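Subject: Handover of a structure

Hello,

I am passing the structure below on to you. My notes on it follow.

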Amino acid sequence: MRFGKGHAIGVALAAAAIALAPVLITNGFYLKVLFLIGVNYLAAAGLNVLVGHTGQKSLGHAGLFAVGAYTAALLTARLGWNPWLAFVAAGAMAALFGVLIALPALRVRGPALAMVTIGFGIVVEKVVSEWQDLFGGQAGIYGVVPPSIGGSALNDGQWVWFVGALGIVAHLTIRALLRGKYGRAFMAVNTAEVAAESVGVSVYRFKVLAFVISAVTCGLAGALIAQQNQYINSDFINFNLSIFFLLIVLFGGSSVYGPLVGAVVLTLLDAFLARWPTAQHFTYGALLLFALYAMPDGLSGALGRLAKKLVPALARKPALPAPTTGWKLRATERLAADKPLLQTRAVYKAYGGVVPTNNIDMDIKTGHIHSLIGPNGAGKTTLLNILSGIVPPDRGSIEFAGRSIVHMVPNRICAIGLGRTFQNLKLFADMSVLDNVKVGLHRHMRSGFWSCLLGLPNAQRDERAARDEALQILDFLGLLDKADEVAGSLPYGLQRRLELARALATHPRLLLLDEPAAGLNPQETQDLVGVIAKIRDLGVTVLLIEHHMDLVMAISDHVIVLDYGEKIAEGKPAEVQNNPRVITAYLGTDEPDEDDLELEASHG
Amino acid sequence: MGASLLQAVFSGLALGSIYALVALGFNITHNTTKTFNFGQGEFLVAGAYVAVSAVLLLAGKPISGALSEIEVTPGRYFAALIVSIVVLGALGVLLYHAAVKPFVGQGGLAWVMSTIGFGIIIQNTALAIWGPAPLVMPSPLGNQVIRIGGAGVLPQEILVLVASILVMACLDFVMRKTKIGKAVRAVAHSGPAATLMGINVSAIVVLAFVISSALAGLAGLLIAPITTASVFMGLTLALKAFSAAIVGGLNNARGCMLGGFLLGLIEALVGLWQAELREISIFLLIILVLVLKPEGLLGRRMVEKV
């Protein structure tokens with residue numbers, strides 16, 4: 001735990017520096033610059049959760065800054081609230097607006113998401129500049145009351161202490177959050193939304209949460225500015241402020257230290273180039289233009305790489321403990337023996353005239369391995385997507401473990417015990433192998449948001465237990481020696497294996513495998529037979545789609561054949577093999593068609 | 001009432017055609033590279049300033065001079081158009097190589113930031129050359145108000161409308177009916193597949209940025225006589241054009257044009273009723289449209305295959 005100790009020392013040094021600075025520095029300008037560094041850090045630290053970790057674009061955070069600033073201003077100057085209370089209320093109000101902006105933002109992605117956030121920022125900007133009765137427009141609101149200690153308002157030095165303390169709290173809490181299950185869930189949403197849902201992470205919930213976190217810190221930053229200046233007007237709120245916050249995050253990099261590095265460098269640049277506006281603007285332009293080209297993962301990423309090169313000890317990861325016991329599936333309540341685990345009746349889905357799923361009735365028995373086969377385009381993957389909740393069926397019923405799962409969102413379906421893998425791999429490619437499996441365990445980690453935010457002992461215990469269990473799962477699938485590697489850098493066969501591990505980590509009762517042998521070499525395919533049998537022996541029921549018939553015939557208890565969206569046969573492997581309709585679907589009919597006859601006639 | 005409504009419709013259409021031109025530029029580069037120039041507003045401003053300087057030079061004055069109405073003859077205006085399009089096209093090439101090429105194919109915000117950065121540099125270069133004073137560009141057609149159905153319309157507004165509709169119709173034709181248009185659409189569909197068919201993808205991509213930047217230059221030249229152009233007007237214009245593209249459907253050229261006109265009309269009509277609500281209502285409306293139809297009015301829905 002050397003790293004943990006190093007971090008504690010770092011935080012202590014930072015705290016000492018903040019405590020001493022106002023004592024040693026008496027120049028008001030320098031104190032103001034320190035204060036601004038703190039404010040910008042605070043705003044960027046939250047925005048980093050949204051942009052750097054959850055991967056959501058936002059070009060409108062000036063709007064949230066405004067919400068905080070004007071809440072503090074109006075509550076103190078107009079309603080005479082206690083300034084401390086108003087400061088807290090500013091954060092709460094910003095959180096509310098964070099939800100408000102998240103709701104439309106959830107429906108869109110890419111450029112449209114940028115548009116929604118830009119739109120929000122501009123609407124707020126125009127409201128505060130045009131609604132002069134309430135917000136004072138360009139004239140602004142005077143007499144914003146700063147917090148006071150012992151009856152006197154904070155002086156420049158005390159402001160630095162205040163913002164420094166807030167910054168340290170923000171750093172510690174956000175770091176605790178990002179290192180645990182929440183941080184992994186944010187990253188999962190960032191890299192592969194469908195996969196995140198399939199392992200029980202609610203994309204909806206985590207996007208809203210990320211928006212709220214960034215809103216709170218931006219709102220508090222706004223309140224700090226309004227209360228420190230004792231004044232706020234509409235000129236503070238503009239598109240360039242949104243860009244500035246974003247620049248801090250991107251320039252700093254997405255590591256927890258990124259916003260700090262970004263805030264320090266850019267605030268200093270801003271303060272000391274202010275005398276030469278032209279130089280300042282050109283510097284900004286050049287930074288925006290070249291910084292991300294030169295340092296794709298920001299200044300903190302570049303510094304981190306440099307440090308690891310100079311001091312190789314930093315790059316060494318702590319050794320992981322070897323698992324001592326084998327992995328076991330968590331026991332679930334037993335169904336009545338005669339009841340199928342999953343039952344579909346008349347499930348139907350059409351895309352225009354194409355009907356990939358046409359009135360499918362299917363029973364999946366507990367403890368068996370079922371195979372779903374059929375020619376390309378038969379509707380196998382669509383059926384799997386319907387079962388796992390990714391595609392809603394047009395009609396029909398699906399019962400899983402005694403519950404209807406039609407119209408249930410995928411993460412809920414996962415939570416009641418249905419896991420899956422994907423035909424086109426959907427790993428969390430930038431995360432380590434171990435973390436991929438830990439995301440699978442997300443649902444089974446009981447500690448809540450506040451324990452994770454505050455890094456309470458129960459959250460830490462949970463985290464250790466999850467690591468141990470993830471290692472057991474990796475051991476079970478023979479991936480233990482790859483635990484520290486980045487998932488995206490594994491060879492293809494092992495990536496498939498890792499997806500299996502991640503799905504297993506959700507403790508599924510039914511596991512859906514979409515072409516698990518696609519792209520594997522014969523040896524790997526052979527190994528897969530053993531792996532699937534092992535999974536069945538754990539007590540997991542399996543439904544798999546596969547084109548390798550030797551694999552299907554070797555392990556299936558029951559085979560279902562689809563063709564053009566319809567079930568054309570089912571039964572034991574041997575029965576299906578000899579079914580004439582199946583043979584027709586795969587090989588065509590024996591009857592010669594007319595073209596052939598003509599051809600023969602002309603040759604004959 | 002009727003006349004002022006008609007007048008608002010005319011100025012809305014004129015303004016809308018400017019948005020449509022810029023939005024079309026977004027569409028062309030987005031289709032080919034999934035990126036576009038966030039600093040397009042600064043390009044538009046640059047187009048206006050280059051044009052004014054060109055007219056000044058043709059009139060035998062220094063570029064810091066002021067233009068009087070007589071000096072802006074249709075011939076000089078047309079020559080300025082050529083100069084502006086050529087200069088902006090060249091800027092487009094520069095933009096592509098400096099700010100876009102390193103980030104093509106990466107998700108995330110890197111290209112957003114780099115194109116904004118490029119725009120800031122353009123803006124400050126313009127500031128250094130021409131200064132912060134607003135730009136005066138009289139219309140080549142004079143300021144005599146034309147009466148149409150009781151509404152007063154500036155000749156420049158008609159020029160803007162006619163010129164941009166012509167340009168858009170030409171582009172639409174080129175994209176749909178010619179070989180080069182087919183190549184652009186092939187690249188839009190799949191760059192690698194287009195390469196395998198023998199299309200020079202990098203040339204097409206550069207061409208897309210040239211066209212996009214030239215469109216911004218044209219928009220700047222057209223709009224300069226109807227607004228008081230300044231170095232700082234680019235941002236708002238570009239944001240509205242971006243909104244137009246998103247509302248109409250960023251991946252559909254006709255959607256972008258439709259979005260532009262729609263936005264211009266709404267802006268003018270709301271402005272008739274309550275000027276200070278213009279931007280607020282536009283952007284609220286856009287958010288609403290995106291909630292209901294995330295792909296835009298005419299956009300194609302992108303489905304992720306699982």
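Two residues are in contact here if their C-beta atoms, placed from the backbone, lie within 7 Å. Please keep in mind throughout that this is a predicted model.

Domains of chain A

Chain A is divided into domain 1 (2–314), domain 2 (336–417 + 507–604) and domain 3 (427–495). Between domain 2 and domain 3 of chain A, the contact involves six residues of domain 2 and five residues of domain 3. On the side of domain 2 of chain A that touches domain 3, three residues are nonpolar, two polar and one charged. The C-alpha centres of domain 2 and domain 3 of chain A are 30 Å apart.

As for chain A as a whole, it has 25 helices and 14 strands. Its C-alpha trace spans about 100 × 55 × 55 Å along the principal axes. Of its 604 residues, 49% count as buried. Among the contacts in chain A with a separation of 6 or more, 75% come from residues 24 or more positions apart.

Two sheets in chain A

One open sheet has six strands in the order 10-11-12-7-13-14 (chain A), and its pairing is mixed. Strand 10 (418–420) and strand 14 (566–571) of chain A are the edge strands, each of which pairs on one side only. On average, neighbouring strands of this sheet are turned by 20 degrees against each other, direction ignored. Within the sheet, strand 7 (residues 369–373) and strand 12 (residues 541–545) of chain A run parallel and are joined by four bridges. Leu372(A) stands opposite Ile545(A) of strand 12.

The other open sheet has four strands in the order 6-5-8-9 (chain A), with antiparallel pairing. Here the edge strands are strand 6 (354–364) and strand 9 of chain A. Strand 8 and strand 9 of chain A run antiparallel, with two bridges between them. Phe400(A) stands opposite Arg403(A) of strand 9.

Which strands does helix 15 of chain A lie across? In the six-stranded sheet, helix 15 (residues 380–387) lies across strand 7, strand 10, strand 11 (510–514), strand 12 and strand 13 (558–563) of chain A, and it runs at about 150 degrees to strand 11. In the four-stranded sheet, helix 15 of chain A lies across strand 5 (342–351), strand 6 and strand 8, at about 60 degrees to strand 6.

Two residues around strand 9

Ala401(A) lies in the loop between strand 8 (395–400) and strand 9 (403–404) of chain A. His407(A) is in the loop between strand 9 and helix 16 (410–415) of chain A. Ala401(A) counts as partly exposed because it has 18 C-beta neighbours inside 10 Å. His407(A) counts as exposed, because it has 9 such neighbours.

Where chain A meets chain B

How many residues does each chain give to the contact? Chain A gives 36 residues and chain B gives 33 residues. The elements of chain A that give two or more residues to the side touching chain B are helix 4 (83–107), helix 5 (111–130), helix 11 (239–252) and helix 13 (277–294). That side of chain A divides into 26 nonpolar, six polar and four charged residues.

Chain B

In chain B, helix 5 (residues 155–177) packs against helix 6 (residues 179–189) at an angle of about 75 degrees, with the axes 5 Å apart. Angles of 65 to 115 degrees count as roughly perpendicular, so helix 5 of chain B is roughly perpendicular to helix 6 of chain B. From helix 5 of chain B, Val174(B), Met175(B), Arg176(B) and Lys177(B) meet Ile180(B), Gly181(B), Val184(B) and Arg185(B) of helix 6. By class, this contact has four nonpolar, one polar and three charged residues.

Pro134(B) is in the loop between helix 4 (110–130) and strand 1 (146–148) of chain B. Is Pro134(B) buried or exposed? Pro134(B) is exposed, because 12 other C-beta atoms lie within 10 Å and the class takes in residues with 12 or fewer. Leaving out residues up to four places away in sequence, Pro134(B) touches Thr228(B), Ala229(B) and Ser230(B). Gln40(B) is 94 residues from Pro134(B) along the chain, and their C-alpha atoms are separated by 19 Å.

Regards

Note on methods. Residues numbered from 1 in each chain as written. Chains lettered and ligands numbered in written order. Predicted model: local features only at pLDDT ≥ 70, side-chain atom pairs only at ≥ 80, totals over all residues. Nonpolar A, V, L, I, M, F, W, Y, C, P; charged D, E, K, R; others polar. Pairing = 2+ DSSP bridges. Axes fitted to C-alpha atoms, helices over the stretch in contact; angles between N-to-C directions. Parallel < 35°, antiparallel > 145°, perpendicular 65-115°, else oblique. Domains from an automatic or database assignment. Buried ≥ 20, exposed ≤ 12 C-beta atoms within 10 Å, placed from the backbone.
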